[in-house]
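Here are my notes on the charged pairs. Please read them with the model open.

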Amino acid sequence: MKDRIMRGFIEEIRDKGMKFSMDDLARRLGISKRTLYEHFSSKVEILETIISQTFAEADEKTKQIVEDDSLSLLEKIKGVMMILPTHYEFYDLRILEQMKRYYPEQWALVNSALSDDWLTLRGLIEQGIKEGLIVNMNVTLMMKLIVDAVNSTLDQRFYMQNQITVSEALAAIVDVLLYGLVPVDKR
């Protein structure tokens, strides 16, 4: 039931933005408000659960990739860069702007994770530089470029208007970042 409530919560946000009531959510799910409150005490609790669950799952996926001995270092770097949050449709610029306005504490958690939580990738890139797989350049600048490029997928309207899925966009972004724009036979 909790997962169903969280999915309904995300659907409400997509349809109405952050300004909806628990009544709206209960109506969408075809359940009573009482049932909602048996599982979550407030909208804030649902929001915080979605945020923490999403980032915990992303951290677990990252750990699995890093610990997979069958993957090369470049495959690990690519895999970590391509992790999409479970509820990635929730991480849209329009929704995040509303979250910043109406739920600033929860927005701060998301913003921090989207901008600062890249230590594992940084470590992999530093290892790639040491091993000669990644060009030796300023790692801080490299991370800024990667984070900004990957976070461009938050502009989901752009991708929808251009009929590109977020997964396709992320794969293309990662390929350009890792392998460049020039084909190997033209270098």
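1. First, the criterion. A salt bridge here is a side-chain nitrogen of Lys or Arg within 4 Å of a carboxyl oxygen of Asp or Glu. The model is predicted. By this rule, the count is 11 salt bridges.

2. Asp-15 sits in helix 1 (residues 2–16) and Arg-28 in helix 2 (residues 22–29), so the pair ties together parts that are 13 residues apart in sequence. Asp-15 is exposed, at 55% relative accessibility. Arg-28 is partly exposed, at 31%.

3. Asp-23 pairs with Lys-33 in a salt bridge; here the closest N and O atoms are 3.5 Å apart. Asp-23 belongs to helix 2 and Lys-33 to helix 3 (residues 33–39), so this pair links parts 10 residues apart in sequence. Asp-23 is partly exposed, with a relative accessible area of 37%. Lys-33 is also partly exposed, with 34%.

4. Asp-24 and Arg-27 meet through their side chains in a salt bridge, 2.8 Å from N to O. Both lie in helix 2, 3 residues apart, so about one helical turn separates them. Arg-27 has 59%, which is over 50%, so Arg-27 counts as exposed.

5. Shared partners matter for reading these pairs. Through them, salt bridges join Glu-11, Glu-12, Asp-15, Lys-16, Asp-24, Arg-27 and Arg-28 into one network.

Technical notes
Residues are numbered from 1 along each chain as its sequence is written. This is a predicted model: local features need pLDDT of at least 70, side-chain atom pairs count only at pLDDT 80 or more; totals for chains, interfaces and linings use all residues. Side-chain values use heavy atoms; hydrogens and water are left out. Helices (H or I, at least four residues) and strands (E, at least two) are DSSP runs, numbered from the N terminus. Buried means under 20% relative accessible area, exposed over 50%, partly exposed in between (1.4 Å probe, protein chains only).
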